[in-house]
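Here are some notes to read alongside the model, for someone opening it for the first time. Keep the picture turned so you can follow the strands as we go.

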Amino acid sequence: VEGVYKSIDGGKSWTEISPDTSISYWGLHFVNDNIGVVLSGGCLNNVQKFFRTTDGGSTWSLFEAYEVNSGLTDPVLYSANGLGYASSSGRIWKTVNGGVTWSIHSVTGTNVWAEELAHIGNSFLVPYAGSTCIGDKSTGGTRFSTDDGASWYSTDMGRPMYGTFLINETTGWAVGDNSALYYTTNAGRNWELRNCGITGGNLDDIYFLNESTGWVVGNTGVYKLAPDKHTVSNTNFT
């Protein structure tokens, strides 16, 4: 991501609010209009940059960490001054002050690219892609923890995986290349391929409002789950 942008008119126009225009960014999360974090770095220079704003992106503070070979990707904040987590290659980070400072909470496994973080209660679900910090197309899968990151169950799906979502502490979804759309009800011990209706293309992100209403996004379109049929249909937006 080459910049951070903000809209105050429902997406009709955008203004760049990047903390530093000389670097690239990945994930961000805001708890309200003013307080949020955006992440950068970790793979090429071994410096993780956690930027935080309290005024909607007008100004930013910076917390840096120095974990070798671990690229920051996806944060979540639960309160303006309290708990939050972030994902990086092989690591889960934790904040207890709304993103002011961060520390490593859990080691998920080897330092391979982990693009997203799903979290509910004591459960974490992260995808991984390839065999390097920055990711590649060699393989991929998921890592699932139900004990707050103390231990992890890893599944090699043979293809890069990019998106995850948790319905509850043991039920979740994962998406990736080659129409990969998987579903588990037992914390990742078993995964069922549920990509009916999707052929070809790669899937990147997934989000659910509830167990029967969700969407998946890929390079061939936006797909919506068909309730009670465990299938998906293409959704066209005009």
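The points below go from the whole chain to single residues.

1. **What you are looking at.** This is a predicted model, in which local features need pLDDT of at least 70 and side-chain atom pairs count only at pLDDT 80 or more, while totals for chains, interfaces and linings use all residues. Residues are numbered from 1 along each chain as its sequence is written, and side-chain values use heavy atoms, with hydrogens and water left out.

2. **The chain as a whole.** You'll find zero helices and 22 strands here; helices (H or I, at least four residues) and strands (E, at least two) are DSSP runs, numbered from the N terminus. The radius of gyration is 17 Å, close to the 18 Å that the globule rule gives for 238 residues, so the chain is as compact as a globular protein of that length. That radius is taken over C-alpha atoms, and the rule is 2.2 Å times the number of residues to the power 0.38. Along its principal axes, the C-alpha trace spans about 45 × 45 × 30 Å.

3. Of the 238 residues, 50% count as buried, where buried means under 20% relative accessible area, exposed over 50% and partly exposed in between (1.4 Å probe, protein chains only). The accessible surface comes to about 10,900 Å², and 51% of that belongs to carbon and sulfur atoms. These areas come from the Shrake-Rupley method with a 1.4 Å probe, and for residues only the protein chains shown count as cover. As for contacts (heavy atoms within 4.5 Å), take those between residues at least 6 apart in sequence: 37% of them join residues at least 24 apart.

4. **A four-stranded sheet.** Look for the open sheet with the order β3-β4-β5-β6 and antiparallel pairing. Its edges are β3 (28-30) and β6 (61-65), each with a single partner strand, so one side of each is left without a neighbour in the sheet. Neighbouring strands of this sheet are turned by 20 degrees against each other on average, direction ignored; the axes are lines fitted to C-alpha atoms, for helices over the stretch in contact, and angles run from 0 to 180 degrees between N-to-C directions. Two strands pair if DSSP finds at least two bridges between them. β5 (residues 48-53) and β6 run antiparallel and are joined by five bridges, with Lys 49 having Glu 64 in β6 as its bridge partner.

5. **Gly 36.** This glycine is found in strand β4 (residues 36-41). Why does Gly 36 count as buried? Because its relative accessibility is 0%. Leaving aside residues up to four places away in sequence, Gly 36 touches His 29, Phe 30, Phe 51, Arg 52, Thr 53, Trp 60 and Leu 77. Its C-alpha atom is separated by 7.9 Å from that of Gly 99, which is 63 residues apart from it along the chain.

6. **The disulfide.** Counting a pair of cysteine sulfur atoms within 2.5 Å as a disulfide, the total is one. Cys 43 and Cys 133 form it, with their sulfur atoms 2.0 Å apart. The link is left-handed, with -90 degrees about the S-S bond. Cys 43 lies in the loop between β4 and β5 and Cys 133 in the loop between β12 (123-129) and β13 (140-145), so the pair ties together parts that are 90 residues apart in sequence. Both Cys 43 and Cys 133 are buried.

7. **Strand β12.** Is β12 mostly covered or mostly open? It is mostly covered, with seven of its seven residues buried. Ser 123, Leu 125, Pro 127 and Ala 129 point one way, while Phe 124, Val 126 and Tyr 128 point the other way. Three bridges join β12 to β11 (residues 118-120), running antiparallel, and Ala 118 stands opposite Leu 125. The hairpin of β11 and β12 has two residues between the strands, and Gly 121 takes a positive phi near 60 degrees there. β12 is also joined to β13 by six bridges, again antiparallel, with Ala 129 opposite Gly 140.

8. **Two positive phi values to check.** Asn 46, a residue other than glycine, has a positive phi near 60 degrees. It sits in the loop between β4 and β5 and is partly exposed, with a relative accessible area of 27%. Asp 148 is not a glycine either, yet has a positive phi of about 65 degrees. Asp 148 is found in the loop between β13 and β14 (153-156), and is partly exposed at 26% relative accessible area.
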